[in-house]
Amino acid sequence: MKRLVIGMIAHVDSGKTTLSEAMLYSAGEIRKLGRVDHGDAFLDTHSIERSRGITVFSKQAVMRYGDCDITLLDTPGHADFSAETERALQALDYAVLVISGTDGVQSHTETLWRLLTRYRIPAFIFVNKMDI
């Protein structure tokens, strides 16, 4: 069985955790869609995260796709917690760089891109919130 570690990275409020929740839901790994801003996200379990409405700690969840086990790492998007995100990068096979279609590329997005380049992590770019 093939195993991959894929990290979701983005600037704050890009919808990265909500997208991660949707992926887990679509894969059948969770039964209910959660959202950070509603305080019911599966991946944001710490009381600090629920009260502040942001991801503070990297979280992992496993989902299966065919014969592949994918460990999904959801990382913080706020620049204050970028050290936590950088620690997670060292474990990744691939990254998904989420960009908010309403906010565009932010300075933290550029910082994340430079980190992906430094660690030589192949990345997919996902433009989120295009329906707003």
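Me: Buried means under 20% relative accessible area, exposed means over 50%, and partly exposed is in between (1.4 Å probe, protein chains only). Going by that, is aspartate 74 buried or exposed?

Reply: Ground rules: this is a predicted model, residues are numbered from 1 along each chain as its sequence is written, and side-chain values use heavy atoms, with hydrogens and water left out. Local features need pLDDT of at least 70, side-chain atom pairs count only at pLDDT 80 or more, and totals for chains, interfaces and linings use all residues. Aspartate 74 lies in strand β3; strands are DSSP runs of E with at least two residues, helices are runs of H or I with at least four, and both are numbered from the N terminus. Its relative accessible area is 1%, so aspartate 74 is buried.

Me: Which residues does aspartate 74 touch, not counting residues up to four places away in sequence?

Reply: Touching is a contact, meaning heavy atoms within 4.5 Å. Under that rule, the partners of aspartate 74 are Met8, Lys16, Thr17, Ser20, Leu43, Asp44, Thr55, Phe57, Ser58 and Lys59.

Me: Lysine 59 is on that list. Is lysine 59 buried or exposed?

Reply: Lysine 59 sits in strand β2 (residues 59–65). Beyond its neighbours within four places in sequence, it contacts Leu43, Asp44, Thr45, Glu49, Leu72, Leu73 and Asp74. Its relative accessibility is 16%, so lysine 59 counts as buried.

Me: And methionine 8, what is its relative accessibility?

Reply: Methionine 8 belongs to strand β1 (residues 2–10). Leaving out neighbours within four places, it is in contact with Lys16, Leu19, Ser20, Met23, Leu72, Leu73, Asp74, Thr75, Val96 and Val98. Methionine 8 counts as buried because its relative accessibility is 0%.

Me: What order do the strands of the open sheet take?

Reply: Two strands pair if DSSP finds at least two bridges between them. The open sheet has 5 strands with mixed pairing, in the order β2-β3-β1-β4-β5.

Me: Which are the edge strands there?

Reply: Neighbouring strands of this sheet are turned by 25° against each other on average, direction ignored. What marks an edge strand is that it pairs on one side only, and here that goes for β2 and β5 (123–128).

Me: How many bridges join β2 and β3 (residues 68–74)?

Reply: β2 and β3 form a hairpin with 2 residues between them, and glycine 66 in the turn has a positive phi of about 60°. Glutamine 60 has leucine 73 of β3 as its bridge partner, while arginine 64 stands opposite aspartate 69. The strands pair in the antiparallel sense, and the number of bridges is 7.

Me: What covers the buried residues of α1 (16–26)?

Reply: The buried residues of α1 are Lys16, Thr17, Leu19, Ser20, Glu21 and Leu24. What covers them includes β1, β2, β3, β4 (94–100) and β5.

Me: How do α3 and α4 lie to each other: roughly parallel or roughly antiparallel?

Reply: The axes are lines fitted to C-alpha atoms, for helices over the stretch in contact, with angles from 0 to 180 degrees between N-to-C directions. Those of α3 (residues 82–89) and α4 (residues 107–118) come within 11 Å and cross at roughly 25°. Under 35 degrees counts as roughly parallel, over 145 as roughly antiparallel, 65 to 115 as roughly perpendicular, and the rest as oblique. α3 and α4 are therefore roughly parallel.

Me: How many nonpolar, polar and charged residues are in the contact of α3 with α4?

Reply: Ser82, Thr85, Glu86 and Leu89 in α3 meet His108, Leu112, Leu115, Leu116 and Arg118 in α4. Ala, Val, Leu, Ile, Met, Phe, Trp, Tyr, Cys and Pro count as nonpolar, Asp, Glu, Lys and Arg as charged, and the others, Gly among them, as polar. That divides the contact residues into 4 nonpolar, 3 polar and 2 charged.

Me: What is the phi of arginine 120, a residue other than glycine?

Reply: Most residues other than glycine have a negative phi. Aspartate 13, in the loop between β1 and α1, has a positive phi near 65° and counts as exposed at 52% relative accessibility. Arginine 120 is in the loop between α4 and β5 and is exposed too, with a relative accessible area of 76%. Its phi is positive, near 55°.
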